[in-house]
Amino acid sequence: MKRFFLLALTLGIATAGMAQSGQGTFVRKVRLGFKLDPMISILKPQESGVSRNSSKGGLSFGLMADFNLNEAGNYALASGFNVVLGGSKLKYDAGKGLSEFRANPAEYNMKLTYIEVPVALKLKTTSANDLNFWGQFGTYLAFPVSGRADVISLNETHDRVNILPQMNRINIGMLIGAGVEYPLGETLTGIVGLTYQNGFVDVTRNGKWDDGKVNMNSFALRLGVYF
């Protein structure tokens with residue numbers, strides 16, 4: 001995980017350096033920034049015998065990159081590099097779940113970490129020195145880098161069980177979002193919005209869990225700043 005934080009820090013320093021060095025052409029075509037999104041993460045089972053006991057508060061943070069598609073900046077390809085911390089609590093009936101806990105009903109408190117790359121079409125207004133509105137629609141690719149679960153079975157608790165090998169190695173889904181931007185200074189622009197992501201891929205490998213399909217969805221508050 002330290003490698004991803006180091007990469008994000010390096011890209012951020014490079015972004016600030018380019019903005020301050022007056023590379024006007026680059027700034028007109030590409031906007032870079034940081035974002036911090038408090039979110040609600042939801043694992044949604046699709047088969048009987050598995051149920052969600054509760055959602056989980058989570059966090060998504062990382063870099064934003066808008067590649068402008070016209071000179072005015074009304075249209076852009078929005079991407080970035082995010083670290084996503086999510087999960088949920090799931091209850092499994094006997095006969096389902098990981099093999100070592102399958103003999104009895106069990107509750108799994110899932111704690112999942114993904115590296116995510118979004119790709120979306122972003123539309124926004126471009127009033128100078130004023131409030132602007134934006135909306136986006138697209139997809140994302142996510143790759144799990146950590147998966148832990150606290151498992152309670154027959155009043156016994158098994159802490160921090162490593163479930164990463166039993167997770168699918170990629171997640172793909174739909175993302176939508178909308179919000180506002182406001183200039184904070186000569187080069188800074190603040191951003192606030194709401195986003196929703198709907199995962200299409202089974203998070204847990206069915207051959208290991210015998211739990212059908214479990215999607216990962218999220219609602220997030222977008223907080224960020226462009227340089």
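Arg222 and Asp37 form a salt bridge, with their closest N and O atoms 2.7 Å apart. The model shown here is predicted.

The count of salt bridges comes to eight. Another of them joins Arg31 to Asp66, at 3.3 Å between the closest N and O atoms. Arg31 belongs to strand 1 and Asp66 to strand 3 (residues 56–68), so this pair ties together parts that are 35 residues apart in sequence. Arg31 has a relative accessible area of 14%, so Arg31 is buried. Asp66 is buried too, at 2% relative accessibility. Arg31 and Asp66 also belong to a network of salt bridges that includes Lys122 and Glu181.

Lys96 and Glu47 meet in a salt bridge as well, at 2.9 Å from N to O. Here the partners lie in loops. Lys96 is in the loop between strand 4 and strand 5, Glu47 in the loop between strand 1 and strand 2 (50–54), 49 residues apart. Lys96 counts as buried, at 15% relative accessibility. Glu47 is partly exposed, at 32%.

Now to the nonpolar residues. The largest nonpolar core has 28 residues. Leu43, Tyr108, Met110, Leu112, Tyr114 and Ile163 touch the most other members. Strands 1, 4, 5, 6 and 10 each give two or more residues to this core. Strand 5 supplies the largest share, six residues. Leaving aside residues up to four places away in sequence, Tyr114 touches residues including Val84, Phe143, Met167, Val203 and Met216.

Notes
Residues numbered from 1 in each chain as written. Predicted model: local features only at pLDDT ≥ 70, side-chain atom pairs only at ≥ 80, totals over all residues. Heavy atoms only, no water. Core = buried A, V, L, I, M, F, W, Y, C linked by side-chain atoms within 4.5 Å. Buried < 20%, exposed > 50% of the residue type's maximum accessible area, 1.4 Å probe, protein only. Helix = DSSP H or I, 4+ residues; strand = E, 2+ residues; numbered from the N terminus. Contact = heavy atoms within 4.5 Å. Salt bridge = Lys/Arg side-chain N within 4 Å of Asp/Glu carboxyl O.
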